[in-house]
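Biologist: Please take me through the strands and the surface of this protein, one point at a time.

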Amino acid sequence: MLLACLWAQASRVGIRVRALDENGIGLSGVRVVISDEDRTVGAAETDELGSIAFLNLRPGSYNLAAKKDRFQSIQKTSVGFEDSTITVELTMIPTLTRTDRVEVRGTVLEVEESASKPNSFPPGKAKELPTRPSTVADALPLTPGVLREPGGALILSSSPESRSALIVNSADVTDPATGQFGLTVPIDSVEVLNVYQTAYLAEFGRFTAGLVSVETKRGGDKWKWELNDPLPEFRIRSYHLRGLKTATPRVNFEGPLIPGKLFVSQGLEYQIKKTAVYTLPFPDNQKKSQGVNSFTQFDWIASSRHLLTATVHAAPQRSDALTLDYFNPRPVAPDSRSRNMTGTVTDRLTVRGGLLENRFSTTYFDGAVWGRGPGGLQISPVGNTGYYFADQRRSASRISGNSSYSFRPLTKFGTHQFKAGLYFASSEHSGDIEERPINIVNLAGRTLINVQFPRLRDFEVSDIEESLFVQDHWILNSRVAIDLGIRTESQQLSRALRGAPRAGLSWTIANKTRTVLRSGVGYFYDRVPLNVYAFNRYPGRLETTYDDSGKLLEGPTLYLNTLGQSTVRRPFISQVPEDGNFSPRSLVYSVQLEQPVGERLKFRATYLRNISDNLLLVNRVPRDPATNQGAYLLEDTGSAKYAQFDLVAQLKLRADREMFFSYTYSKARGDLNDFGRYLGTTPNPIIRDNQYGILGTDMPNRFLAWGVVRLPHKFQIAPLIEARSGFPYLQVDAAQRYVGVPNTTRYPMFFSLDSRFSKDFKVNPQYSVRISISGFNLTNHFNPEQVHHNVADPARGYFFGHRGRRFTADFDFLF
């Protein structure tokens, strides 16, 4: 009898779940799935009181997943019990947005997705990987089609950041002056990170190369804290402590300020990072950056139909020796500071069965770059001396608003999901730039080219942008869907109205095999950054040239900075014949085939083509003998062609055992004198004659693999493998002119095997400590950072700056 009583009592041990709405009332019909590390152990729906019990469970740790139509799905991990039944409450939040984008939660038909399939990065994996990306920008190179060039800038589809867009919660957060991303949101604050190379939905615009879309986290129903990288990393050389190397403590917390109503989520990072430049000797090889990156989000659930969200992002930063490398040692490399602040308020309201979204956003950037001394810059075949030539102070701001309405699905000739919206922005850019003399010398030290800048110049420009879009996701039947849309964009400064028609197809070829074909075509336009319209206010260049013996060849000649005028008529563009009437655009088309193999493996093959014209270039206009003047003309005569084929595989053995594989073949050709090389944060001092050919970002072959695999006894390993072609580089002569065909020589093949090995130690039921060891370039493959590329350099063709095998250790507090 005693054994029977004990058994009856034990059989009632388990987990009880209560599903509640935002008012704390029990919610029926919520499907709850409970699983352990290996398998699903139970699934059922809540009763009329919102309750369900999973009994007869062995003591241990379980994962819960709850789902109900028109409510956000909830996942709760590591729910544990020992010798008594516990009760878990789950607050279900109404879903105020339709699933009309590619990020799909739960199981949906493929036709409910658009023809634009992004490359996604799961933000939760970031802290598991050896590289430990701390921001969105750090994580982007872990997706196909995104790389960092040797100088550190991001490139998407072999194009600079200025040709791409970054939106956070659908708000544009790029720098209005340069079009660059700046210091991006902390990765710990990100819920969804998608990279689109083919965004055919008409709601997306103001880019020609790629779109990075970020959705941030809402605070949860329970308070949660996390402390990552709490201790600094010290530099040890020859078994001696040589100071601080890196300190990147990150604090994250979230929870309800008013349960069921008001939620907060906060991500905060303080960073001191000293990066060693392996081409220079210690201690003169340290690039230092220091700053704060903070992102705060508040969500107010006014009712089951009304949600208000406010976010604030602040990121001040200072960098020393910004461009430090072998050819630009510490005196030459400039220092910089920047501040990036963005505030956004979003109102979502369900109206007549549709969703009305109104968003107001303000963005402010300011920054400065300055040389480390008052003198000019001397450029020689073996390296540069003196000081950086350009001091720049600038600020830029944007105030924008957009409104969109997603209509209730219309069921006529299939199902139509219409969406329409408008966008308005006012932006300003002001500052000043002072440039000092540049002296280009040969190996003997004789001057070949001398450049003087007459005086300091200041600038101030402003612009107004407007855009409208209408799109329809038309589901013809359970296997075929079509995306149709049109978008118009205008900029006051460019005096142009641009039309962007787009179309896409999603076709489930066979329901049994779940084979899906996606295809699309569309026009895309760049927003012209404000620094383009400040170019004619930059200091002119007074140039004098000499031969190798020092004899005068030409000059001094004054070259003024001027804006060109677009004279070629293009379809879908209406423009006024004035200087600066630019409309950079791309025609993009793609075909994609997706094939699942069972429940654990999915393959995807994509071919895309991007044909760009009206791109902005800086071209040299020869000297007019009558006036002894020339010009540097910023005009829209550039073009580029990009083709990419990639294969992506995702292998998911279990929820905690997942691997990603990708192979990308690409080809990039275009004009070399992109305007961003001369108008960016650190302008290039040398303006060469433009040529069309292989782009410096061309990457024919790239293989990328990474994942997270749980091992027995709570150990974990996270490998990261990258193998790719070397970047192309220019060969130049002593006068810094092209030698031969540009970019036909390359760095050696790059290969790196990195890995992170970690184990969690539970301090008590609420707190854990994670201890990790990371290894980089474990095969010690020769991956040089620089090459002697000047034909007058005695060391011409020599690669150097190898980062060998290295290890780091760290630990995190998990709350």
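Strands, a buried residue and a surface patch

Modeller: β9 and strand β10 (residues 154-156) pair in the antiparallel sense over 3 bridges. Here strands are DSSP runs of E, at least two residues, numbered from the N terminus, and two strands pair if DSSP finds at least two bridges between them. This is a predicted model, in which local features need pLDDT of at least 70, side-chain atom pairs count only at pLDDT 80 or more, and totals for chains, interfaces and linings use all residues. Residues are numbered from 1 along each chain as its sequence is written, and side-chain values use heavy atoms, with hydrogens and water left out.

Biologist: Which residue in β10 stands opposite V146?

Modeller: β9 pairs with β10 in the antiparallel sense. The residue in β10 that faces V146 is L156.

Biologist: Which are the edge strands of the open sheet of 3 strands?

Modeller: The order in this antiparallel sheet is β9-β10-β11. The strands that pair on one side only are β9 (146-148) and β11 (159-160).

Biologist: Which strands stand at the edges of the open sheet of 5 strands?

Modeller: This sheet has mixed pairing and the order β8-β14-β15-β12-β13. Each edge strand has a single partner strand, so one side of each is left without a neighbour in the sheet; the edge strands are β8 and β13 (171-172).

Biologist: Which residue in β14 stands opposite N119?

Modeller: β8 and strand β14 (residues 190-196) run antiparallel and are joined by 3 bridges. Opposite N119 stands V195.

Biologist: Is F121 buried or exposed?

Modeller: F121 lies in strand β8 (residues 119-121). Leaving aside residues up to four places away in sequence, F121 touches A126, L129, A139, L142, T143, L193 and W706, where contact means heavy atoms within 4.5 Å. Buried means under 20% relative accessible area, exposed over 50%, and partly exposed in between (1.4 Å probe, protein chains only). Because its relative accessibility is 2%, F121 counts as buried.

Biologist: Which elements give two or more residues to the nonpolar patch?

Modeller: W223, W225, L257, I258, F298 and W300 make a nonpolar surface patch of about 600 Å². Accessible areas come from the Shrake-Rupley method with a 1.4 Å probe, and for residues only the protein chains shown count as cover. The elements are β19 (250-258) and β21 (286-303).

How values were computed: Helices (H or I, at least four residues) and strands (E, at least two) are DSSP runs, numbered from the N terminus. Patches are made of residues with over 30% relative accessible area and no salt bridge: like charges are joined within 9 Å, nonpolar side chains (Val, Leu, Ile, Met, Phe, Trp, Tyr) within 5 Å. A salt bridge is a side-chain nitrogen of Lys or Arg within 4 Å of a carboxyl oxygen of Asp or Glu.
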